[in-house]
Amino acid sequence: MPMDLLRFATAGSVDDGKSTLIGRLLFDSKSIFDDQLNAVERTSRDKGFDYTNLALVTDGLRAEREQGITIDVAYRYFHTPKRKFIIADTPGHIQYTRNMVTGASTADLAIVLVDARAGIVEQTRRHAFLVSLLRVPHLVLCINKMDLVDYDQDVYERLRQEFLSFATKLAIPDLQIIPISALLGDNVVERSTNMPWYDGPALLHQLENVYVSSDRNMVDARMPVQYVIRPQSNEYHDYRGYAGQIAGGVFKPGDEVMVMPSGLTSRISAIETADGPVAEAFSPMSVTFRLEDDIDVSRGDMIARPHNAPEPRQDLDAMVCWMVDSPLKQGRRLLIKHTTRTVRVAFRELQYRLDINTLHRDETAETLSLNEIGRVRFRAAQPVFADPYSRNRLTGGFIVIDAGTNATVGAGMVLDN
Amino acid sequence: MTTTSSQTPETAGPPVEQPTGHDYRLSELQTLEAESIHIFREVAAEFGRPALMFSGGKDSLVMLHLAAKAFFPARIPFKILHIDTGHNFPEVMTLRDKLVEEMSLQLVVGSVQDAIDSGDLTEVPGQGRNRLQTHVLLETVEKNKFDVLMGGGRRDEEKARAKERVFSFRDEFGQWDPKNQRPELWNLYNGRIHPGESIRAFPISNWTELDVWSYIEAEKLQVPGIYFAHERKVFERDGMLLADSDVSARRDDEPVFTATVRYRTVGDMSCTGAVESDAHTLAEIIDEIAASRITERGATRADDRFSEAAMEDRKREGYF
């Protein structure tokens with residue numbers, strides 16, 4: 001089996017040892033190069049550390065160092081013989097919600113870090129909640145700094161029980177709790193000999209082996225049309241192909257399909273790629289459909305099946321995370337981009353604002369500010385063809401764009417109306 | 001104040017019943033290819049005047065190949081832009097012209113040499129031409145009214161790139177503001193801009209150097225000969241091997257010697273270093289990179305060594 005790809009997000013602050021953990025994963029998988037390591041050693045000396053501080057590998061831009069800020073999400077890469085990994089590294093403290101939501105949106109797995117001495121704190125619950133809100137299918141809770149609690153099994157068991165009783169409410173399909181020391185490498189790449197009482201996998205083993213193929217929706221066939229290919233050359237005179245990335249289910253040549261919003265039906269005559277036709281197409285393949293009938297199809301349309309198509313929605317209920325300083329409020333000119341379709345929307349109602357620390361719902365709130373999450377109703381100028389986010393992350397997620405500034409101001413997850 | 005305290009996320013739902021008995025999997029390279037094709041199609045669909053940056057290096061060759069795949073069987077629906085420093089490796093120019101012919105590309109060239117000759121730019125001896133490239137790039141963009149440039153930048157290259165978006169917003173002066181980037185979620189990219197503003201799009205953001213070479217091997221792409229081990233007259237500067245040529249600004253205390261080298265990146269000949277290597281085939285290059293202990297930019301780019309934040313500064317000014 002060729003190497004596959006796992007995207008994971010890390011949540012936690014510097015104090016939890018997140019940078020050290022990432023540095024350790026990169027270092028032990030030999031993904032830190034000598035020139036990077038030399039720079040880290042130099043900086044470690046300059047800053048007066050008596051050891052090479054691997055956390056400095058993830059040290060940011062000069063703009064950040066000068067201003068003492070952390071700029072949202074950084075992406076990092078490493079591989080082992082089994083898998084390639086993309087880490088979405090999100091800072092824990094500043095603008096944590098916006099950044100974590102962004103990093104988690106594409107993640108197959110999330111790592112949440114806990115300091116064994118501090119235990120399960122408010123931030124841990126917040127991170128775990130966001131992981132479940134974004135429906136990241138796999139969560140690994142790393143109980144870090146076990147070296148500082150003498151590798152004590154009781155500490156691990158107590159934190160484990162505490163987290164489990166909280167997590168039962170969170171709808172996390174797969175949870176692994178691993179005691180580690182990122183600084184010393186215990187249970188990061190190799191099983192630790194300091195914790196013989198722990199019989200689970202080391203972190204890297206979990207990352208290499210977690211099964212993610214079944215996390216996509218393979219049932220509800222969806223292809224948002226991105227681009228209509230019309231070569232206008234003699235060789236391909238009447239050619240018309242509908243290009244897009246499969247967002248759910250499986251399509252095969254011969255399948256009867258329905259195109260939204262027209263509701264017209266046809267059959268797939270061929271599924272093409274530059275490498276030749278394929279017998280079936282599934283997420284996340286980028287392909288081109290050819291249809292038997294000459295019907296009107298354009299960008300922003302959704303190709304689905306006649307008996308399994310998304311409901312056209314103009315009233316859109318969604319959990320929305322607000323991402324800019326100026327709040328979400330009535331009268332603001334907004335657009336949403338959902339799959340390949342961008343439509344005008346009006347903000348109708350904030351049903352409640354969620355306190356992500358206590359998870360209480362404030363139904364008296366009227367606006368959402370930066371880093372706040374709430375249940376919102378939008379009215380769209382044209383229908384969008386969305387599935388509930390709980391069923392499909394790709395056809396259930398959208399971004400909110402300010403029609404005046406063009407900035408991305410929010411992210412939404414569609415709910416059942 | 002009315003509150004309830006259910007803690008289950010609103011996005012929770014029953015698990016989707018999945019078909020069994022069939023393992024729908026893509027390899028890592030297939031996944032990256034599908035993502036890149038999606039990005040190319042988004043760019044072509046959302047912008048009026050796109051251009052693809054082409055240097056003749058391995059990343060831009062992969063970009064060109066992906067673009068061709070994205071729109072097959074139609075031709076690539078945008079222009080190809082080469083910012084020519086005048087310090088080119090001849091093999092790279094030959095390959096560029098061959099591909100333009102074979103793929104019927106519409107090539108636009110912005111010339112640093114022309115800008116120097118006309119007095120628009122002044123060259124600082126020994127500094128290479130990368131900074132000058134930015135000026136010519138911005139001029140060429142303005143003249144052609146390009147609203148989006150696609151580049152082969154990868155996030156594994158350098159830490160300024162690690163924090164850059166796939167659709168990277170630039171103001172009317174081409175400047176990048178790392179503190180004010182648009183969040184990118186799922187596979188949704190925001191390409192909306194006002195007149196005069198632009199986007200730099202990076203379809204292979206998530207590829208690594210090893211991915212690029214593995215893909216070149218898998219897809220049997222042509223690459224310039226300078227990537228393979230060959231004998232060359234070089235001299236040493238700052239621990240790098242630079243080609244001895246008319247443009248190299250070699251000092252008298254830098255003796256020329258012959259070495260078996262290859263290039264890991266293709267850039268301005270005067271500031272791109274070679275590495276000693278015996279890799280004569282793609283498979284040998286892949287083995288060498290997998291075992292390499294130095295990043296490609298650290299090994300080969302004098303321009304990134306001026307300061308630790310060299311790339312960050314150049315990006316802010318409008319460089320790729």
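Why is α4(A) described as largely enclosed by the rest of the structure? In this helix, 9 of the 10 residues are buried, so the rest of the structure largely encloses α4(A); a residue is buried if 20 or more other C-beta atoms, placed from the backbone, lie within 10 Å of its own. Among the buried residues of α4(A) are Y96(A), R98(A), N99(A) and M100(A). The model is predicted, with local features needing pLDDT of at least 70 and side-chain atom pairs counting only at pLDDT 80 or more, while totals for chains, interfaces and linings use all residues. Residues are numbered from 1 along each chain as its sequence is written, and chains are lettered from A in the order in which they are written.

A neighbouring helix comes next. The axes of α4(A) and α5(A), as lines fitted to C-alpha atoms over the stretch in contact, come within 10 Å and cross at roughly 40 degrees. From α4(A), the contact draws on T97(A), M100(A), V101(A) and A104(A), and from α5(A) on H127(A), L130(A) and V131(A), where contact requires C-beta atoms, placed from the backbone, within 7 Å. These residues divide into 5 nonpolar, 2 polar and no charged.

On the scale of domains, chain A is assigned domain 1 (5-214), domain 2 (222-304) and domain 3 (312-414).

Conventions:
Domains from an automatic or database assignment. Axes fitted to C-alpha atoms, helices over the stretch in contact; angles between N-to-C directions. Helix = DSSP H or I, 4+ residues; strand = E, 2+ residues; numbered from the N terminus. Contact = placed C-beta atoms within 7 Å. Nonpolar A, V, L, I, M, F, W, Y, C, P; charged D, E, K, R; others polar. Buried ≥ 20, exposed ≤ 12 C-beta atoms within 10 Å, placed from the backbone.
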